[in-house]
Amino acid sequence: MTIGFMEVLVLKAKGLQESDIFARMDPYVVLQYKNQEKKSSVVHEGGSNLEWNEKFVFRVEYPGSGDQYKINLKIMDKDVFTADDFVGQAIIYVKDLLAEGVEKGSSVLRPRKYSVVRADNSYCGEIEVGINFTRKEEEHSDGEYGGWKDSEY
């Protein structure tokens with residue numbers, strides 16, 4: 001099993017359907033990879049075309065438990081007095097990216113647009129995301145254990 005780090009760059013979204021009637025929505029993104037979850041900043045009064053330009057790092061084991069090598073990006077609308085509204089989601093499958101990164105040391109999915117869909121799978125905009133995976137280099141001990149050098153005696 002190889003351990004590495006996956007850096008997800010959330011750039012921007014456009015064409016999102018407004019979920020607020022009287023004001024522009026305040027969107028943010030919840031990123032999920034296996035049991036890890038990260039959250040972007042809220043773009044206040046961002047509306048349907050917005051920019052985040054934020055990076056998120058996930059620890060990755062490949063091959064690991066399960067076969068769900070995907071990033072789920074849920075776009076939410078922040079509300080003050082009620083529960084936040086679900087705007088839509090995009091799913092990015094990263095198994096091939098991870099396999100290539102394990103073999104070559106690193107791999108890149110250049111920023112591209114992914115479709116955002118509602119709960120009923122109807123199209124409701126797009127989000128632009130880039131992903132880098134870097135394999136963690138193996139640590140060599142060189143005869144040193146916990147700060148102590150191996151004795152010649």
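Colleague: What kind of contact do the side chains of K55 and E7 make?
Modeller: A salt bridge, at 3.8 Å from N to O. This is a predicted model, mind.

Colleague: Where do K55 and E7 sit in the chain?
Modeller: K55 is in strand β4 and E7 in strand β1. They are 48 residues apart, so the pair links distant parts of the chain.

Colleague: Buried or exposed, that K55?
Modeller: Exposed, since its relative accessible area is 55% and the cut-off is over 50%. E7 is partly exposed, at 27%.

Colleague: How many salt bridges does the structure hold?
Modeller: Five. One of them joins K14 and E126, at 3.9 Å from N to O. That pair also spans distant parts of the chain: K14 is in β1, E126 in β8, 112 residues apart.

Colleague: And which residues form a network of salt bridges?
Modeller: K14, K113 and E126. The side chains of K113 and E126 meet at 3.9 Å, N to O. K113 lies in strand β7, residues 106–117, and is 13 residues from E126.

Colleague: Is E126 buried or exposed?
Modeller: Buried, because its relative accessibility is 17% and the limit is under 20%. K14 is partly exposed at 43%. K113 is partly exposed too, with 43%.

Colleague: Switching to strands. How does β1 run against β4?
Modeller: Antiparallel, with eleven bridges between residues 2–14 and residues 50–62. T2 stands opposite Y62 there.

Colleague: And how many bridges pair β1 with β8?
Modeller: Ten, again in the antiparallel sense. β8 covers residues 123–135. K12 has E128 as its bridge partner in β8.

Conventions. Residues numbered from 1 in each chain as written. Predicted model: local features only at pLDDT ≥ 70, side-chain atom pairs only at ≥ 80, totals over all residues. Heavy atoms only, no water. Pairing = 2+ DSSP bridges. Helix = DSSP H or I, 4+ residues; strand = E, 2+ residues; numbered from the N terminus. Salt bridge = Lys/Arg side-chain N within 4 Å of Asp/Glu carboxyl O. Buried < 20%, exposed > 50% of the residue type's maximum accessible area, 1.4 Å probe, protein only.
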